[in-house]
Amino acid sequence: MTKDMNQVPSVSRRISSVDSILDNDLYKFSMQQAVLSLYPDVNVTYQFRNRSPQEHRYTKEAYEILTKRIEALADLALTPDERTFLERKCPFFTSKYLDYLSVFRYNPKAHIQMSLSSSGALEIWIKGPWLDTILYEVPILALVSETYFEFVETDWDMEGQDEQAEADARQLILGGCKFTEFGTRRRRSREVQRVVVESLTKVNEELNGSTHGADQPGCDRVPREERGVLLGTSNVYFAMKYDLNPIGTVAHEWTMAISVLENDLFHANGNALRIWRRFYPTYFGTALTDTFGTAAFLRDFDEPLAESYTAVRQDSGDPREFVLAIIKHYEKLNIDPAKKLIVFSDALTVQKALELESYVRGIQRQRKVGTPEVSFGIGTHFTNNFRVKSHGTKSRPMNIVIKLYECNGRHVVKLSDDKGKFQGDEAAVREALKVFIPDRSTP
């Protein structure tokens, strides 16, 4: 970075809101452990992308503060208490990895390149060893969102956030939904996420704790065995703070990188799944299906892989079509779908989760047997669900992502089941479309 940090006013509220190295999603740590053992010398580039650039423009002041906050990541280090929590709650982390994480430090000056255009478009690139750069994605996205809503779009406040989260939790639990809080990367602020996680935890304890919600309205109409439950949070810091289970799967970047590291784009899904399962034979058994589209995933998801993975995650496309395609695929492989789980995580709201829960239950009633269980990863709806205070219209969250762009100097891409979510160099995307979807060869 080239910004002069002395230009940023010294105001207490401008200190970085990320003050724990664990303020990140679990799957970044699980992937970092795999990279430490398998790919310690791989170099990568990540690209930031704002999918709504006309709607969310940065100011020079906000950019200067964001730069300062990203620089402050260098001050983070794993504390003894945090390591103790990881040892207690995360048996999949080895002593070797925890020793590594204990000495790990972000180095933004070496790895981050940033600029701001005259029109307010933010550009961020992350470059360096995969091992050193893999943890940046989630905290940088959170900081981009938080700084924007603190210094650019400020017509909002925290009023009613706890009540809203409590109402969401009651609807989900009494509606039979098993769900996880996934809201770190696009949160309105760290404080918003804290309030949300605390409120979800409170209601979950009230409805599923020792009293089983005996004094809670509506509970008498929903038997305990038909209620949903808060499974945990993807944010490891908040899992520690509220003694929840940290929940994580694997990111698109794993499959994207394996497409280069194994020099096999067409079978990248299968190669990535097998390498991951060899490294984590009993943990992290949820397969991400849409890196190159679900059809491409299912071509590689053969019987041994389908048997070894306990769940699949739907992150783009039509979720109802996905359910039917997954059931059909398991049955083709002579695997009982009822022994498997589908995790929905694509732009979920409480209403969408309830509708999908009802849809799958309807299939269960029709089929009697052979229908997967379902759970829901709900993110932005929990942690960035606001209205403009002065006139009450929806205050839209930033639609931002950071995705792998290059691996060892070669372009990688993400296609997904939504055309608008294609990510990567345009020429590389066109070539990947020729491989996976020959009749759709334009980005």
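Predicted model: local features only at pLDDT ≥ 70, side-chain atom pairs only at ≥ 80, totals over all residues.
Residues are numbered from 1 along each chain as its sequence is written, and side-chain values use heavy atoms, without hydrogens and water.

**Exercise 1.** Determine how helix α1 and helix α4 pack.

Solution. Helices are DSSP runs of H or I with at least four residues, numbered from the N terminus. Step one: the axes, lines fitted to C-alpha atoms over the stretch in contact, of α1 (residues 26-38) and α4 (residues 95-103) are 10 Å apart. Step two: the angle, on a scale from 0 to 180 degrees between N-to-C directions, is about 105°. That makes α1 roughly perpendicular to α4 (65 to 115 degrees). Step three: with contact meaning heavy atoms within 4.5 Å, F29, Q32, Q33, L36 and S37 of α1 meet K96, Y97, Y100 and L101 of α4. These residues divide into 5 nonpolar, 3 polar and 1 charged.

**Exercise 2.** Check the span of helix α12 and find which of its residues are buried.

Solution. Step one: at 1.5 Å times one less than the number of residues, the 12 residues (268-279) should span 16 Å, and the end C-alpha atoms are 16 Å apart, which agrees. Step two: A268, N269, G270, N271, A272, L273, I275, W276 and R277 are buried (under 20% relative accessible area, 1.4 Å probe, protein chains only). With 9 of the 12 residues buried, α12 is therefore largely enclosed by the rest of the structure. Step three: the covering elements include α1, α11 (252-261), α13 (294-300) and α14 (303-308).

**Exercise 3.** State how far apart the C-alpha centres of domain 1 and domain 3 lie.

Solution. Step one: by an automatic or database domain assignment, domain 1 is 26-155 + 399-411 and domain 3 is 252-384. Step two: their C-alpha centres lie 26 Å apart. Step three: the contact takes 26 residues from domain 1 and 18 residues from domain 3.

Note on methods: Helix = DSSP H or I, 4+ residues; strand = E, 2+ residues; numbered from the N terminus. Parallel < 35°, antiparallel > 145°, perpendicular 65-115°, else oblique. Nonpolar A, V, L, I, M, F, W, Y, C, P; charged D, E, K, R; others polar. Buried < 20%, exposed > 50% of the residue type's maximum accessible area, 1.4 Å probe, protein only.
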